[in-house]
Amino acid sequence: MHVLVVDDQALNRTLLRYMLEQEGYGVSEACDGQQALTEFDNCSPDIILLDVVMPVMDGYEVAPLLKAKSQDVYLPIIFITALEDQASLLKCLQVGGDDFLNKPFDQVILSAKIKAHSRTRELSIKSYEQNRQLAYHQLQTEREHELVEHIFDNALKERFAIPESIEFHMSPASMFNGDLFLTAPSRSGGLYLMLGDFTGHGLAAAIGALPASKVFYTMANKGLSVGDIAAELNTVLCELLPGNMFCAANILEISSSGRAISAWLGGLPDSYLLTPCGEVEAVLTSQHMALGILESYEFERDTRYIETSSENRLLLYTDGVVEAENAQNEYFGEQRLLDILKSTHYKNLESIVDAVNTFSGAADQQDDLSLVLIKCAPLDLPATHSKRFSSTPIKIKLSLNAKLLRDSDPVLEFINTISAVEGVEQHRSNLFLLLSEMYNNALDHGVLGLESSMKDSEDGFIEYYEKREQLLRELSSGSIDMMAEFEPEQSQIRFKIKDSGQGFAAVKKADADMFHGRGISLMKEIASSVRYNEKGNQLEVVYNLLDS
Amino acid sequence: MSLTKSMSSDGKLFTIEIKGKFDFNLVQAFRSAYTEIGDSSPKVIVDLRETDYMDSSALGMLLNMKKSLGDSVSGIQIANCRPQIKKILQISRFDKKFDID
């Protein structure tokens with residue numbers, strides 16, 4: 001502890017210095033207020049002993065200035081005074097003095113007072129230091145939260161616009177949401193949707209959302225069934241989450257018509273299928289344990305299928321809604337929720353949240369609260385694929401002799417090769433269909449001489465393919481040449497196929513019909529042109545990449 | 001290319017899933033899948049979620065199934081088709097004969 005003694009009388013200063021140094025304090029001196037300010041900066045005193053009456057600047061004047069120099073930490077100022085009138089003493093306190101020391105000085109009193117004020121000073125320094133650390137940690141936490149929030153936002157942000165037929169509302173109980181709502185388009189023009197609720201709330205609960213969302217988007221992109229998506233999520237969450245944490249979830253796939261829904265239901269409250277007037281048509285009760293509990297071998301993928309009409313709606317929600325409590329410790333409950341949906345006041349999901357908040361009154365929101373309402377109407381999702389095509393003309397040719405015809409099934413491989421051309425990939429199903437029809441016609445009818453009419457009965461159908469297998473096994477001569485050409489200027493693909501057969505022109509009229517079966521009419525619908533040569537053993541099909 | 005089949009625990013739903021390529025290579029497997037269907041007259045779902053390709057032989061197989069099962073099942077649904085597969089079914093007017101979703 002360092003004491004600054006401010007007195008214009010050298011004798012007093014010497015006396016005080018002597019007494020203080022005996023007690024082990026460091027001492028600096030100043031002979032008036034002005035000097036005290038300078039000395040303060042030099043020695044940063046912990047306590048100031050201040051005379052009242054001094055030349056240049058007196059004690060009353062300098063006291064508030066000294067206090068101002070030590071705003072963060074308590075700086076005790078003890079006035080040294082011979083004055084005894086009430087007004088002077090009062091003024092000492094008003095200008096910021098904390099105590100008095102009467103002249104002549106008493107060693108015991110001085111020592112006791114200095115000790116008392118030192119303690120307060122020390123306490124103040126300690127609390128200042130703690131505040132500083134607290135502020136530092138708070139700032140650091142805020143920075144970390146910002147960072148985490150950024151990551152969450154990026155991981156969970158909507159990859160595409162949610163269709164209008166789906167309404168959702170989420171109110172987290174704290175900055176981070178332990179509830180999770182994800183959507184992704186399915187390959188058949190429908191929509192995958194997941195509503196999840198991790199154990200607890202806040203950052204600890206929200207952390208599971210990162211791996212969960214990644215798995216969900218990846219699996220949805222692969223076009224897996226909801227049961228398979230659930231199984232994959234379960235495996236990942238089992239691996240990552242601590243034993244006491246899991247994720248109750250409903251995972252749904254809605255067809256593009258909106259009328260067919262498959263659902264894996266694990267641990268969330270009942271979902272409701274509602275008629276237009278809000279009556280419950282079906283209850284979807286959870287069938288499984290939450291994700292992240294069962295080992296992979298125990299996990300069940302069973303899925304519920306729901307078929308409904310486009311006027312109906314499906315309501316999903318997390319337990320934060322029905323378990324909201326009021327001051328009387330009553331739950332909001334399913335009935336109140338259903339009553340609102342039935343009532344004429346119902347406008348949107350926010351009106352439910354308002355009702356929940358009104359119900360719980362002043363009580364803090366205890367848990368994250370999420371609702372999703374799906375209108376079972378057609379989704380009408382925008383197509384996602386690009387229209388960019390390669391500008392390089394590419395031609396692929398393949399000649400198959402009898403041995404190759406016997407041993408290979410070249411259609412898919414051929415299609416994979418041509419699909420590698422930029423922009424062609426998304427047409428591969430159609431291209432497969434065309435080439436498969438062409439190849440099978442050439443092989444079955446041209447090379448093997450099979451007759452389509454065989455396929456008219458069910459047994460004949462099987463027989464046909466058995467016969468085909470047998471003929472193919474025994475095949476010793478014959479050939480098929482096929483060619484695919486990507487024509488960038490016309491944005492089209494031209495297929496040509498030629499077989500070693502005699503062509504349908506040479507066979508009886510009745511058998512010529514075999515070329516006009518289901519296969520050929522399909523080709524004509526999908527391709528922009530389908531042309532046989534006169535002999536009937538060569539077929540040329542053009543597919544326009546800009547169609548469909 | 002593969003085919004898996006399963007019956008729901010209540011015997012009301014029989015699902016055939018076809019992955020990859022749906023063509024004549026599956027003729028035998030497809031037929032034996034539905035001949036084992038039993039007499040609980042379930043609803044049959046042909047799940048084409050993971051079917052990337054099909055051709056007219058697949059259409060023939062589906063028609064044969066319908067003919068063969070007739071009234072012994074409570075309906076046949078072709079489910080989860082990708083857009084191009086769905087289009088092939090529509091072009092072939094299968095939406096008149098099957099419940100396609």
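**Briefing: sheets, helix packing and the A–B contact**

In chain A, strands β11 (residues 271–274) and β14 (residues 313–317) are paired in the antiparallel sense, over three bridges. The model is a predicted one. Chain A has 17 helices and 20 strands, and of its 548 residues 34% count as buried. Among the contacts in chain A with a separation of 6 or more, 68% are between residues 24 or more positions apart.

**Sheet with β11 and β14**

- β11 and β14 of chain A belong to an open sheet of five strands, ordered β6-β15-β14-β11-β12, in which the pairing is antiparallel.
- At the edges of this sheet are β6 (166–171) and β12 (280–284) of chain A, each of which pairs on one side only.
- On average, and with direction ignored, neighbouring strands of this sheet are turned by 15 degrees against each other.
- Within the pairing of β11(A) with β14(A), L273(A) is the residue opposite L314(A).
- Helix α11 (residues 349–360) of chain A lies across two strands of the sheet, β6 and β15 (369–375) of chain A.
- The direction of α11(A) is at about 30 degrees to β6(A).

**Sheet with β18 and β20**

- A further open sheet in chain A has five strands in the order β16-β17-β18-β20-β19, with antiparallel pairing.
- Its edge strands are β16 (394–400) and β19 (529–532) of chain A, and each of these pairs on one side only.
- Strand β18 (residues 492–499) and strand β20 (residues 538–544) of chain A run antiparallel and are joined by seven bridges.
- One residue pair in this sheet is K496(A) with its bridge partner E540(A) in β20(A).
- Helix α14 (residues 428–447) of chain A packs on the sheet and touches β17 (480–487), β18 and β20 of chain A.
- The direction of α14(A) makes about 10 degrees with that of β18(A).

**Packing of α5 and α7**

- Helix α5 (residues 107–156) of chain A packs with helix α7 (residues 209–222) of chain A at an angle of about 20 degrees, and their axes are 10 Å apart.
- Angles under 35 degrees count as roughly parallel, so α5(A) and α7(A) are roughly parallel to each other.
- The two helices, α5(A) and α7(A), have a left-handed crossing.
- On the α5(A) side the contact is made by F152(A), A155(A) and L156(A), and on the α7(A) side by A209(A), L210(A) and S213(A).
- By class, this contact of α5(A) with α7(A) consists of five nonpolar residues, one polar residue and no charged residues.

**Contact between chains A and B**

- In the contact between the two chains, 25 residues of chain A meet 28 residues of chain B.
- On the side of chain A that touches chain B, at least two residues come from each of α14, α15 (458–474) and α17 (518–526) of chain A.
- The largest share of that side, six residues, is supplied by α14(A), the helix that also packs on the sheet containing β17, β18 and β20 of chain A.
- By class, the residues of chain A that touch chain B are nine nonpolar, 10 polar and six charged.

Definitions and conventions. Residues numbered from 1 in each chain as written. Chains lettered and ligands numbered in written order. Predicted model: local features only at pLDDT ≥ 70, side-chain atom pairs only at ≥ 80, totals over all residues. Pairing = 2+ DSSP bridges. Helix = DSSP H or I, 4+ residues; strand = E, 2+ residues; numbered from the N terminus. Axes fitted to C-alpha atoms, helices over the stretch in contact; angles between N-to-C directions. Contact = placed C-beta atoms within 7 Å. Buried ≥ 20, exposed ≤ 12 C-beta atoms within 10 Å, placed from the backbone. Parallel < 35°, antiparallel > 145°, perpendicular 65-115°, else oblique. Left-handed = near helix turned anticlockwise from the far one by under 90°. Nonpolar A, V, L, I, M, F, W, Y, C, P; charged D, E, K, R; others polar.
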